[in-house]
Amino acid sequence: MVLFDRIPLPVAVCDAYGVLRLANAALAAEWGTTPGRLKGRDLLDLFVPRDGTQVERIVEALRLRRRSRYTVAVTWQGPGGAGRCGELTVDPVSETPSALPDLLVMVRVTGECAPRPAPAPATSHPNEGRILALLAAGASTARAARETGLTTDGVTYHLRRLSRRWGAANRTELVARAYAAGVLEPGVWPPRPRSAGAGAGAPEERPGP
């Protein structure tokens, strides 16, 4: 642990859903805080992917139990609100090939950049809003996968992340929390994500019939 904390490169260990288990001092310094305060945070709440499809590719690779190294271009806001740019290197690690891996994440800082609009705290990927809207309309996991172009495991991955973030015990509670958080447009049918301008993190789009 002492060696881990002294690594000058920002490094973290996450579970398979991106929740931080460990963070070193260099990573915490990017946020002007201490490693202990980052434990339990969602990695995608801290770093905004420039291309969401990169995240989907990692989800699919984890589903297939692949152990390759993956990179994701990201932006984030450093101490004082300065925009930062960099790249996450993600290495799946596990004791056995069949086990769901933890993720060893290293951050390469490439410099400062113009800060992007902050994502809504409720969701961190556009597909999450679309999945929640389909779920609210009564869609199954299989239908949500077809409508979003994901695999069923990809849909399940997003639902598990949201359930952990909101503390939802089941899908009914998950939908209720999505409306309470302003992710879904109230008073419309079929359900749809709120537009980005209205404060949600997903583009406004009607689910298919």
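Me: What makes the link between the side chains of Asp91 and Arg69 a polar contact?

Reply: The distance is 3.0 Å between the side chains of Asp91 and Arg69. A polar contact is a pair of N or O atoms within 3.5 Å; within protein, one must be able to donate a hydrogen and the other to accept it, and residues adjacent in sequence count only if both atoms are side-chain atoms. So the pair counts as a polar contact.

This is a predicted model, where local features need pLDDT of at least 70, side-chain atom pairs count only at pLDDT 80 or more, and totals for chains, interfaces and linings use all residues. Residues are numbered from 1 along each chain as its sequence is written, and side-chain values use heavy atoms, with hydrogens and water left out.

Me: Why is Asp91 called buried?

Reply: Asp91 has 13% relative accessibility. Buried means under 20% relative accessible area, exposed over 50%, and partly exposed in between (1.4 Å probe, protein chains only). Asp91 therefore counts as buried. Its place is strand S5. Strands (E, at least two residues) and helices (H or I, at least four) are DSSP runs, numbered from the N terminus.

Me: Which residues does Asp91 touch, leaving out those up to four places away in sequence?

Reply: Asp91 touches Arg69, Asp102, Leu103, Leu104 and Met106. Contact means heavy atoms within 4.5 Å.

Me: How do you know that the buried residues of H9 line one face?

Reply: In helix H9 (residues 171-180), Leu174, Val175 and Ala178 are buried. Seen down the axis of H9, these buried residues fall within an arc of 95 degrees, so they line one face of the helix. The arc is that of the directions from the helix axis to the C-beta atoms. On the other side of H9, Thr172 and Ala180 are exposed.

Me: What is found at the start of H9, and what just after H9?

Reply: At the start, a side-chain oxygen of Asn170 comes within 3.2 Å of the backbone nitrogen of Thr172. Just after H9, Gly182 has a positive phi of about 80 degrees.

Me: Which residues does Ala136 touch, not counting those up to four places away in sequence?

Reply: Ala136 touches Val175, Tyr179, Leu184, Trp189 and Pro191. Ala136 itself sits in helix H6 (residues 126-136). Ala136 and Tyr179 are 43 residues apart in sequence, yet 9.5 Å apart in space, C-alpha to C-alpha.

Me: What makes a space a cavity rather than a pocket?

Reply: On a 1 Å grid over the protein atoms alone, a cavity is a set of points where a 1.4 Å probe fits but cannot get out. A pocket is an open set with protein on both sides within 12 Å along at least five of seven lines. Lining residues have an atom within 4 Å of a point. By this rule there is 1 cavity of 30 Å³ or more. The largest cavity has a volume of about 180 Å³. Of its 16 lining residues, the closest to its centre are Leu43, Leu44, Val55, Leu103 and Tyr157.

Me: Which helix gives the most to the lining of the second largest pocket?

Reply: H8 does, with 4 residues. The second largest pocket has a volume of about 210 Å³. Tyr157 and Arg160 are among its lining residues.

Technical notes: Grid points are joined across faces, edges and corners, and a volume is the space filled by probe spheres set on the points.
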